[in-house]
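Let's take a walk through this protein, one piece at a time. Keep the 3D view open as you read.

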Amino acid sequence: ASGEGCAVRVRVAGDRGFLTLKGPTVGITRSEFEYEIPVGEAAQILSTLCGGGLVEKIRYEIEYAGMVWEVDLFGGDNEGLVVAELELESVEQSFELPPWVGKEVSDDARYLNACLAKHPYREWGDYARGRVKAR
């Protein structure tokens with residue numbers, strides 16, 4: 001669910017469930033709070049309370065130059081989209097960009113999960129293919 005610059009996400013990862021609250025994006029930053037919840041409750045929330053689109057992805061954590069990149073391979077209506085994201089301590093923190101990262105799209109709201117649920121990647125057209133997000 002999303003609105004007014006915030007988003008609530010429920011996620012099932014294996015045998016664990018999570019509830020995540022995200023604030024509005026300012027530049028390339030946003031506040032985020034994540035809580036583990038029982039996986040049964042997460043599944044029930046997804047099946048009974050979530051009416052919007054479903055964002056399906058497999059997340060990989062890849063270490064590069066001492067930093068851990070989260071690389072999401074999307075499925076379903078977002079099949080073909082790959083997003084690489086890096087959590088920084090501050091916007092001034094330096095890091096080495098891996099050679100496999102493509103175009104910077106942190107300022108493109110279409111790549112936010114809340115947007116992908118409403119306007120999936122398959123609807124974007126061929127011009128967007130191959131973009132990767134570094135954040």
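## The four-stranded sheet

Start with an open sheet of four strands, ordered β1-β2-β3-β4 and paired in the antiparallel sense. Keep in mind that this is a predicted model. As a general rule, the strands of a sheet pair through backbone hydrogen bonds, either parallel or antiparallel.

Which strands stand at the edges? They are β1 (2-3) and β4 (32-37); each has a single partner strand, so one side of each is left without a neighbour in the sheet. The partner of β4 is β3 (residues 16-22), and this antiparallel pair is held over six bridges. If you want a spot to look at, find Thr20, which stands opposite Glu34 in β4.

## A helix across the strands

Now look for helix α1 (residues 39-48). It lies across β2 (6-13), β3 and β4, and it runs at about 125 degrees to β2.

In soluble globular proteins, nonpolar side chains tend to be buried together. Here, the largest nonpolar core has eight residues: Phe74, Leu81, Val83, Val105, Tyr111, Leu116, Tyr121 and Trp124. There's also a second, separate core of six residues, including Trp69, Val71, Ala84 and Val101.

## Zooming in on Asn78

Asn78 sits in the loop between β6 (67-74) and β7 (82-86). Is Asn78 buried or exposed? Its relative accessibility is 1%, and buried means under 20%, so Asn78 counts as buried.

Who does Asn78 touch? Leaving out residues up to four places away in sequence, Asn78 touches Val55, Leu116, Pro120 and Tyr121. With Tyr121 there's a further detail: the side chain of Asn78 reaches the backbone nitrogen of Tyr121 at 2.6 Å. Leu116 and Tyr121 also belong to the largest nonpolar core.

Conventions:
Residues are numbered from 1 along each chain as its sequence is written. This is a predicted model: local features need pLDDT of at least 70, side-chain atom pairs count only at pLDDT 80 or more; totals for chains, interfaces and linings use all residues. Side-chain values use heavy atoms; hydrogens and water are left out. Helices (H or I, at least four residues) and strands (E, at least two) are DSSP runs, numbered from the N terminus. Buried means under 20% relative accessible area, exposed over 50%, partly exposed in between (1.4 Å probe, protein chains only). A polar contact is a pair of N or O atoms within 3.5 Å; within protein, one must be able to donate a hydrogen and the other to accept it, and residues adjacent in sequence count only if both atoms are side-chain atoms. Contact means heavy atoms within 4.5 Å. A nonpolar core is a set of buried Ala, Val, Leu, Ile, Met, Phe, Trp, Tyr and Cys residues joined through side-chain atoms within 4.5 Å. Two strands pair if DSSP finds at least two bridges between them. Axes are lines fitted to C-alpha atoms, for helices over the stretch in contact, and angles run from 0 to 180 degrees between N-to-C directions.
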